[in-house]
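Here are a few exercises to work through with the model open beside you. Try each task before reading its solution.

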Amino acid sequence: MTPVTTPSTPPHQQAERGMGADAAEGPPSGAEQALQAAFDAAVAADERIEPRDWMPEAYRASLVRQIAQHAHSEIIGMQPEANWITRAPSLRRKAILMAKVQDEAGHGLYLYGAAETLGAGRDELLDKLHTGRQKYSSIFNYPTLTWADVGAIGWLVDGAAITNQVPLCRCSYGPYARAMVRICKEESFHQRQGYELLLALSRGTEAQRAMAQDAVNRWWWPSLMMFGPPDDESPHSARSMAWKIKRHSNDELRQRFVDICVPQAEALGLTLPDPDLRWNEERGHWDFGAIDWQEFRDVLKGNGPCNEQRLSQRRRAHENGAWVREAAAAHAAKQAARRAAAQPPGQPSGQAARPTETARS
Amino acid sequence: MSTHPAGHPVGALATLPLGDDALVLSHRLGEWAGHAPVLEEEVALANIALDLLGQARALYAGLADVLGSEDEIAYLREEREFRNCQLVEQPNGDFAHTIVRQLFFSAYQLPLYDRLSPSLPLAAKAVRETAYHRDHAEQWTLRLGDGTEESHTRTQRAADALWRFTGELFQPVEGLDVPWQELEAEWTADVRDVFDRAGLTVPETPRHGAWSAGAGRQGLHTEPFGRMLAEMQHLHRSHPGATW
């Protein structure tokens with residue numbers, strides 16, 4: 001990671017996070033007010049906030065919530081696509097799909113890493129996911145019923161994710177912004193692959209074409225819901241925008257996505273399932289029909305087609321893997337003890353036992 | 001390091017068993033996606049699966065004149081036409097089974113590819129990949145064998161269950177000029193060394209059973225393989241002639 005270099009250390013970087021947390025318990029002290037002012041100035045000047053910088057607790061909490069939800073979405077999002085790895089209809093597609101699902105696991109790793117810089121460990125966050133205290137993107141509560149769904153997810157779901165995430169590359173929190181740069185590069189690759197998959201189907205046999213259209217029909221509306229509730233109902237938006245965690249409103253991004261997709265659908269030779277879709281000359285945007293927000297709320301509440309299935313599989317994988325993680329930890333501890341015992345007496349103990357490459361600390 | 005003289009030709013269909021080994025094990029590893037015990041292993045198992053799939057595709061490409069496209073080879077052959085060893089088709093089982101299967105296979109594939117590298121263009125790259133696969137399996141065998149009582153028991157059980165499929169690996173493959181006995185001796189020493197360090201016991205049960213010895217290479221497979229192929233081939237076969 002490349003740290004943001006500034007000619008001299010700005011005041012908000014002169015304090016470590018503990019100070020702010022302590023100060024927050026009493027009435028704001030003069031020192032804390034200065035830190036807050038320095039933080040606000042840094043955000044206003046589009047400087048990056050780094051892990052060791054002072055930051056308001058609410059900023060930290062908001063970031064942890066957002067990054068964790070994003071990380072959870074990556075790992076839950078592996079499931080609907082992994083559903084087709086074993087049935088991919090050509091070796092080339094199989095390789096592409098496996099690599100994509102692997103990338104999502106990698107994104108999960110970067111993001112849990114970014115959350116860790118805010119003091120939120122992976123185990124803690126996974127526990128919150130498994131117990132339903134933290135959410136993941138509702139889009140993954142829809143099933144992948146045919147092979148074409150893999151393409152529709154790539155084109156629409158990854159497309160929506162990119163539209164949402166590209167502005168996050170300029171997010172005020174450094175580690176998150178940098179993780180997003182890597183993630184967005186890979187996501188746009190996935191999106192092109194999804195588009196290309198649908199194009200092959202659309203130009204294929206009648207059955208393949210129908211499969212592609214059916215998938216787009218089912219994924220279009222849920223993809224529009226990925227941008228979150230309309231601006232006037234979005235609880236966290238205003239504050240996140242003030243902090244430059246978020247840079248555009250839900251509705252703005254949704255419109256941008258629709259405008260991108262309409263010509264792409266046409267190029268694919270597929271239709272979007274919205275009779276109200278028409279070009280608005282005055283606005284310079286595509287008008288689109290009303291979104292079924294009741295469905296959105298239902299799925300969010302846990303009543304989507306796959307909520308139970310996704311979370312159960314995640315918990316099962318975690319529980320079935322407990323003995324493996326315990327074994328790795330036990331082995332690492334034994335190795336450390338063996339090394340310590342082998343050390344000649346009187347010699348200062350050097351490096352702590354190097355944790356095994358894949359073992360979790 | 002290859003100790004084998006360079007320039008030995010590889011027979012026309014001799015690489016089919018190697019390609020089938022790689023394809024089938026890749027498929028099995030792909031079944032782990034979304035089920036791995038820890039996120040790092042999602043990445044690692046997918047990595048190995050992708051390497052193996054790449055190897056299979058490269059090997060199939062070399063057979064195109066005789067057997068057709070890679071997809072025809074993978075998707076349109078019947079179970080009895082596959083030439084993979086039975087070890088790679090064994091179901092994943094728990095993580096210990098998957099790791100021991102990988103150790104047994106990679107410890108075989110590594111010296112094999114190494115011997116073949118002068119005459120098989122793919123092999124040099126595959127040797128590097130396989131060295132990583134073997135190392136990954138070794139590291140986990142050490143962790144699981146040494147870690148907890150449960151992990152030890154599970155790993156020993158996996159070794160005992162998979163042992164009967166290892167004799168087949170060294171049955172000569174027609175057209176591959178490889179010193180099989182030498183390979184077997186190397187494999188045995190390698191596996192024994194890893195097991196010793198992991199505190200595991202090398203099974204003493206037979207490795208050359210009436211059914212398993214060389215059977216996969218002749219197209220005789222175990223029951224789970226047919227189901228695996230059914231799942232793998234279903235979509236492709238449902239749309240004859242379609243391109244994807």
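**Exercise 1. Find how many salt bridges cross the interface of chain A and chain B, then look at one of them.**

Start with the rule: a salt bridge needs a side-chain nitrogen of Lys or Arg within 4 Å of a carboxyl oxygen of Asp or Glu. Across the interface of chain A and chain B, that gives three salt bridges. One of them joins the side chains of Arg338(A) and Asp146(B), at 2.7 Å from N to O.

A word on the ground rules: this is a predicted model, where local features need pLDDT of at least 70 and side-chain atom pairs pLDDT 80 or more, while totals for chains, interfaces and linings use all residues. Residues count from 1 along each chain as written, chains are lettered from A and ligands numbered from 1 in written order, and side-chain values use heavy atoms, without hydrogens and water.

**Exercise 2. Work out which elements of chain A touch chain B.**

Step one: contact (heavy atoms within 4.5 Å) takes in 49 residues from chain A and 48 residues from chain B.

Step two: 18 residue pairs, both at pLDDT 80 or more, are in polar contact between the chains. The elements giving two or more residues to chain A's side are H4(A), H5(A), H8(A), H9(A), H13(A) and H14(A); helices here are DSSP runs (H or I, at least four residues), numbered from the N terminus.

Step three: pick out H5(A), which gives the most, with 14 residues.

**Exercise 3. Describe how H8(A) and H9(A) pack.**

First, the geometry: the angle is about 135 degrees, and the axes lie 7 Å apart.

Next, the residues: Leu198(A), Leu201(A) and Ser202(A) of H8(A) meet Gln208(A), Arg209(A), Ala212(A) and Val216(A) of H9(A).

**Exercise 4. Explain what the pair Lys244(A) and Asp46(A) ties together.**

These two form a salt bridge, with the closest N and O atoms 3.0 Å apart. Lys244(A) sits in the loop between H10(A) and H11(A), and Asp46(A) in the loop between H2(A) and H3(A), so the pair ties together parts that are 198 residues apart in sequence.

Notes:
Polar contact = N/O pair within 3.5 Å; in protein donor to acceptor, adjacent residues only side chain to side chain. Axes fitted to C-alpha atoms, helices over the stretch in contact; angles between N-to-C directions.
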